[in-house]
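Please look at the structure shown below.

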Amino acid sequence: MALLLLRNRNASALGIPRILRDNVEPFSLNSEKIIGAFASVDVIIRSYCSGSGMKKFDFTDLTRPHTWYPLARKKVRKVILHVGPTNSGKTHQALSRLESSSSGIYCGPLRLLAWEVAKRLNKANVSCDLITGQEREEVDGAKHRAVTVEMADVVSDYDCAVIDEIQMLGCKTRGFSFTRALLGISANELHLCGDPAAVPLIQQILQVTGDDVTVQSYERLSPLVPLNVPLGSFSNIQTGDCIVTFSRHEIYRLKKAIESRGKHLCSIVYGSLPPETRTRQATRFNDASSEFDVLVASDAIGMGLNLNISRIIFSTMKKFDGVELRDLTVPEVKQIAGRAGRYGSKFPFGEVTCLDSEDLPLLHKSLLDPSPMLESAGLFPNFDLIYMYSRLHPDSSLYGILEHFLENAKLSKNYFFANCEEVLKVATVIDQLPLRLHEKYLFCISPVDMNDDISSQGLTQFATNYSKKGIVQLREIFTPGTLQVPKTQAALRELESIHKFPVGRIVPGS
């Protein structure tokens, strides 16, 4: 069904995230609008010049990434780390400062979080743009913006900036985007919200920037009680319960099992659902007058949704992470369990347990153990470095340049290279097209799952059309009016893939 939406299936490319209301809008790719502008080549070259002659320097030396962001280095930023457990009010404090600032930017890990912040600020009569990989909603006169972290603006000055879930700079795949925002945002005040485990690393990283760093610690606002008794049977499910599992198939299986008893109806939340759908499901669950009084969810509830949960129930303490089936980590357990008993909800405290008794020891241990300290932050070379390195290898493809660069790059102990598997997969496809190096680079760092057939086809199709005409109409990618309500798990999976497509905007000549 979904494959019919893609024209010219032999091409596979930068996809479109969802069927938009206006499906004839032209799309283009602009570096400043997708990942922000990079530090200029001239600035980097000047920093390695002495007198009239340039020093011979190693373009693969990435030991000083703070120098990539000259605008941020022109000021002494006041950096405030707001750290504490889930439901401690740390993000609320940072957002209150953002709301009162003369100009500001919020950077979050999820589109849903950016959407919620933009909604909050606009409701408070603080005009705020929303900019994500999927949309750009601009408000006249806005001096604030809420963005997904990949869209962080490092070429403008702000009074205040907030980076949410800052501990994700240790993420193998997305960590480099948080590192870029941390080092590159030029703001008088930079508020970092997240886990205390990130504090020592951030303090080390910012030692060389000259920023003024302070730490504010928070405690949980309402008690969280680990139970010594498992749920056991679904007959023990109560209003306000949330049962957590880690696959789409299990979510629908558990929903059916609970509802078949005739006592409860279940809302569902998981990562592949479009943000609008997740929000509607959460709203329905939160509504005290709704019949949907139980939630079945994945770890997607760990960030971005305010949920009136009384008790978290882990159906399992293992998850498949794309490579192996493993135990949940301490931070994962705490992030999920902490969603119970939200401060200000009708539940004065939260409870957490497991479906089976054999999982209780790991749950209790994880809640008591401290999160392991982060040892390094993700890093990925910006375009300027790749461009200069490419001048030394003029006959190489982008894949060859990236591969050789990454093999020879040098990092300090505070950094690691982000997982570049997806980037290299895209490079093998994009190298076949007549695109400039900058355009190829932008396509390569777009958030596309190349293991998803629809996403990879969408990427190639979009890039192919762009290489021919410099601009792409949505109707060239989609056949309007062909979406149908999915009736099978496979059809649902295809529909979710369509909604995951990122929208690229490339302006020819940029």
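Q: In which loop does N125 lie?

A: N125 lies in the loop between α5 (111–123) and β6 (128–131), where helices (H or I, at least four residues) and strands (E, at least two) are DSSP runs numbered from the N terminus. This is a predicted model, in which local features need pLDDT of at least 70 and side-chain atom pairs count only at pLDDT 80 or more, while totals for chains, interfaces and linings use all residues. Residues are numbered from 1 along each chain as its sequence is written, and side-chain values use heavy atoms, with hydrogens and water left out.

Q: Why is N125 called exposed?

A: A residue is buried under 20% relative accessible area, exposed over 50% and partly exposed in between, with a 1.4 Å probe and protein chains only. N125 has a relative accessibility of 73%, so N125 counts as exposed. Its phi is positive, at about 65 degrees, although N125 is not a glycine.

Q: Is N87 buried or exposed, and what makes it so?

A: The relative accessibility of N87 is 16%, and therefore N87 counts as buried. N87 is found in the loop between β4 (78–83) and α4 (90–100), and it has a positive phi of about 70 degrees without being a glycine.

Q: Why is helix α10 described as largely enclosed?

A: Six of the eight residues of α10 are buried, and therefore the helix is largely enclosed by the rest of the structure. The buried residues are V330, E332, V333, Q335, I336 and A337.

Q: What are the buried residues of α8, and why are they said to line one face?

A: The buried residues of α8 are R248, I251, L254, K255 and I258. Seen down the helix axis, these buried residues fall within an arc of 130 degrees, so they line one face of α8; the arc is that of the directions from the helix axis to the C-beta atoms. On the other side of α8, H249 and K256 are exposed.

Q: How do you know how many disulfides there are?

A: A disulfide is a pair of cysteine sulfur atoms within 2.5 Å, and by this rule the count comes to zero. For C266, the closest cysteine sulfur is that of C242, and the distance of 9.9 Å is too far for a bond. C266 is buried, because its relative accessible area is 0%, and C444 is buried as well, because its relative accessible area is 3%.

Q: What makes F383 and Y387 an aromatic pair, and why is it called tilted?

A: Rings of Phe, Tyr and Trp (its six-membered ring) pair if their centres lie within 6.5 Å; planes under 30 degrees apart count as stacked, over 60 as edge-to-face and the rest as tilted. By this rule the count comes to nine aromatic pairs. F383 and Y387 are 6.0 Å apart centre to centre, with 35 degrees between the planes, and their pair is tilted. The two residues are four apart in helix α12 (residues 383–391), so they are separated by about one helical turn. F383 is buried, with a relative accessible area of 10%, whereas Y387 is partly exposed at 31%.

Q: Why is the pair of Y389 and F405 said to tie parts together?

A: Y389 and F405 form an edge-to-face pair, with 5.0 Å between the centres and 90 degrees between the planes. Y389 lies in helix α12 and F405 in helix α13 (residues 398–408), so the pair ties together parts that are 16 residues apart in sequence. Both Y389 and F405 are buried.
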